Amino acid sequence: MHQSGRKPKLLKDYAAPDYFIEEVDLDVALAPKATRISSKLRLRPNPKVATGGRPLVLDGEGLALESLALNGKKLAPKDYELKDGSLTIPRVPAQPFTLEMVTLCDPEANTALSGLYLSRGTYCTQCEPEGFRRITYFIDRPDVLAVYTVRIEADRAATPVLLSNGNPVAQGDIPGTSRHFAVWHDPFPKPSYLFALVGGNLASVPDSFVTASGRKVALTIYIEPGKEDRCAWAMESLKRAMRWDEERFGREYDLDVFNIVAVSDFNMGAMENKGLNIFNDKLVLARPDTASDADYASIEGVIAHEYFHNWTGDRVTCRDWFQLCLKEGLTVFRDQEFTGDTRSGPVERIAAVRMLKTHQFPEDAGPLAHPVRPASYIEINNFYTSTVYEKGAEVCRMLQTLLGREGFRKGLDLYFERHDGEAVTVEDFVEAMADVSGRDLNQFMLWYTQSGTPELACSLEYDAHTKTARLAVSQVVPPTPGQTRKEPMLIPLKVGLIGANGDELPLKLDGKEPSTDGLLEVTMREQVFAFRDIPAPPTLSLLRGFSAPVRITTSLDPNQIEFLMTHDSDPFNRWQAAQTFASNLLVSAARAATDHERINKREASRLAQAIGATASDASLLPAYRAEFLKLPSESDVARELARNVDTDAVRNARETLRAMIGSEIGETLAELYEASAPSGPYSPDPESAGRRALRGAALDLLVATAAPAEIARAERHYREASNMTDAIAPLSILSHLQVAARDETLGHFYARWQDEPLVLDKWFAVQARAARPDSVETVHALLSHPKFSLKNPNRIRALIGSFAHANPTGLNREDGAGYELLAGQALEIDRFNPHVAARLLGAFESWRILEPVRQARAKAVLENLAARPLSADSYEIVTKTLGGA
């Protein structure tokens, strides 16, 4: 049915709950079609709300109510009102009271994978954001925190493992039956979205961890039997994360056990339920022959992310869903810091900024733009976005930049001290930072409330007479949906001045002590910063370390950008200079509806020589050198074009430049390729992974020349691969080409891995991402493949998601076939899994920047979708993308 009548929820309308639930006793009798949940809730009126006999309203969806009792007295149907979505009891006591009820739910029929569902024989829950109401009637909102005791029973043979949050307190057989039970108690109050339950026939991999205070914690990973040999990396990553959080932020784990469960059917990547993290199995299972270096890195990062939520999300949680960035942005920042500390800081920073610019910058520039803390939503599932996560992390990073690492740590300590066990707001978090630093952070709060990517225009003028360099900075925050007028923001801008010999020049601002970190604070629409005692015209290095999530325009000419490529001491900015040089070439070519003559050969040669020199510099980490060999993506170029984008022209320009670079420095690339060859057994450590990344990046540019010898090199690389990284790299490279080697390697890969679901996802994804004229037809054919299923989120993401989000040429094919394909599949998925469907439809967000023909075709498809019956999730995305909501 249409959702057009559904009103948005507004942050300004927040009201505290009329009642709190302090204790929850659940008794869950698992059965595939009729799981019975007996719940006992201890409630009390909120003393800060004048209840005045207000009714008790509980949320509930898809439940059958068997019985209901208030303070031990059974209620008759006339004593309550049961509607779709709620249970209302008009009269309840003004003092604390107990509510008991028995409900039934159907895990087997739960295809939305929200609440309690059955996945390949395993019972599993997903309660964030509003899934608990599909298990029992409840005040299902994050500011209602309760202590849970959970008893689970099930058939012992079919479901031998029974897990929930907290610590295990009892287990045993149920006399006279084939069933058994387990009881779990979580002593820490938590909101209902953090409730978790798992029951199934699962194998386990145990380990332990001794905390800084000497407590021994039992660690266990539960997986499908037969996959025990794929858990070692996840377990190592967990223990590294636990130790790092103690050392870096002073956060120690608080329960006796920490359990992870990996399941195949999961809408999310993972979920931080207190003491019982539930993971998509692709983010747990790894073995050298089945998982790539990228998989190992993702597992390490997401394991850490979910563990870090124990404090930033579980112990201190969100008051309401508008505050989602409070747990997600902060925890993304913490996992990025973890990766930077345990791997390579510059490489992690490059990866984080790539993701931000690829996903969040277009979001900020399009119809789905919203603040880091949204002011309204129709369906909260749609706000698990790059803005909330990645930009939210950048906001936390800016606070650390402004306060210093030690100051940020003190602020976080105060935040935990004040709010442990509470549901809080962004203001509470920023207030703790302000209080420890003594700073007024009111202007900084605009990062949470204003949408859009700030734009800085910077120019440097040098006065030889006074030996002064003046940096003029102007800022503007562009208008976004619902926000046409913006205030100037507090932007931490890190800069450097570099002399002609490549030396860093001391930064002495007028009237201030010399700056040691080059940090400027831009607070006004127009500002000038004057640097004294500069002996000669310097080259300006701007936004070092990407100190703020902003767009920069400068007066730097190609010679200065080339100079920064080789001399900037800031590793991020050195890489960014190469990206800027390449992007300028690609944008010019794409605007000219390019052919190879449109790319300036001299400029391309300069770029090639500069990146070749850096890639060959053995003093730099291999992973960093590999980044230098990667050109800006097609999405990066489209973003810089900003309007009238012809995706074919962008693709052609990029492929032409890649071929020119591959030819220009072919000998260097071949030497790098050979020098990076494996010399021992596979290891996922950062140094080894970096060498493989460098070798793969060199191979990619060599094959871009289309020389038969290089295509043969890629085919040989695949045949000789002894691990998944070395197999998937040439497979991905060849997948774009129209050569026999492509079909042969794809056929071989399928024959070997057809019975390994996670590996087969890679096979689907490689073909969906391939920028070929027949990519739409390829995806259509794969939709009918016997190994494809619309009911498995991983397989949907691998095929349809990869096509929609990672193949701009295919999606934006001029005849509109890519749009029709995506819309048709999303519409079908929306019938049973709205969450996944809405994520797919987000791929339309940048349709307005396309050239007129593609723009018209995309709009027609969106308008057709808007006229169809949609879930609330998809309705919100489609109408906002069209600009109608």
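1. Two strands are taken to pair if DSSP finds at least two bridges between them. The model discussed here is predicted. In this model, strands S26 and S29 run antiparallel and are joined by six bridges. Within that pairing, Leu 471 has Phe 529 in S29 as its bridge partner.

2. The sheet to which these strands belong is open and has four strands, in the order S29-S26-S25-S31, with mixed pairing. Strand S29 (526-531) and S31 are the edge strands; each has a single partner strand, so one side of each lacks a neighbour in the sheet. From one strand to the next, the twist averages 20°. In general, strands of a sheet pair through backbone hydrogen bonds, in either the parallel or the antiparallel sense.

3. With strand S26 (residues 468-476), S25 pairs in the antiparallel sense over nine bridges. With strand S31 (residues 551-554), S25 pairs in the parallel sense over four bridges.

4. Val 102 lies in strand S9 (residues 97-105). Is Val 102 buried or exposed? The relative accessible area of Val 102 is 16%, and because buried means under 20%, the residue counts as buried. Apart from residues up to four places away in sequence, Val 102 touches Arg 36, Ile 37, Ser 38, Ala 64, Leu 65, Glu 66 and Ser 67.

5. Thr 317 belongs to strand S22 (residues 317-318). This residue is buried, with a relative accessible area of 1%. A polar atom of the Thr 317 side chain lies 3.0 Å from the backbone oxygen of Gly 313. Leaving aside neighbours within four places in sequence, Thr 317 is in contact with Pro 142, Leu 145, Pro 191, Tyr 193, Leu 326, Glu 422, Ala 423 and Val 424.

6. The structure holds 31 aromatic pairs. One of them joins Tyr 384 and Tyr 389 in a tilted arrangement, with 6.4 Å centre to centre and 50° between the planes. Tyr 384 counts as buried, at 7% relative accessibility. Tyr 415 and Phe 429 form an edge-to-face pair, with 5.3 Å centre to centre and 80° between the planes. This pair links distant parts of the chain, with Tyr 415 in helix H5 (residues 386-419) and Phe 429 in helix H6 (residues 426-437), 14 residues apart. Both Tyr 415 and Phe 429 are buried.

7. Which residues do ring pairs link into a cluster? The cluster consists of Trp 244, Phe 249, Tyr 253, Phe 258, Tyr 307, Phe 308 and Phe 338.

8. Two placements of arginine over tyrosine rings remain to be noted. The charged end of Arg 319 sits over the ring of Tyr 14, at 3.6 Å from the ring centre. Arg 713 lies over the face of Tyr 673, 5.0 Å from the centre of that ring.

Definitions and conventions:
Residues numbered from 1 in each chain as written. Predicted model: local features only at pLDDT ≥ 70, side-chain atom pairs only at ≥ 80, totals over all residues. Heavy atoms only, no water. Helix = DSSP H or I, 4+ residues; strand = E, 2+ residues; numbered from the N terminus. Buried < 20%, exposed > 50% of the residue type's maximum accessible area, 1.4 Å probe, protein only. Contact = heavy atoms within 4.5 Å. Polar contact = N/O pair within 3.5 Å; in protein donor to acceptor, adjacent residues only side chain to side chain. Axes fitted to C-alpha atoms, helices over the stretch in contact; angles between N-to-C directions. Phe/Tyr/Trp six-rings, centres within 6.5 Å; stacked < 30°, edge-to-face > 60°. Lys NZ or Arg CZ within 6 Å of the ring centre and 35° of its normal.
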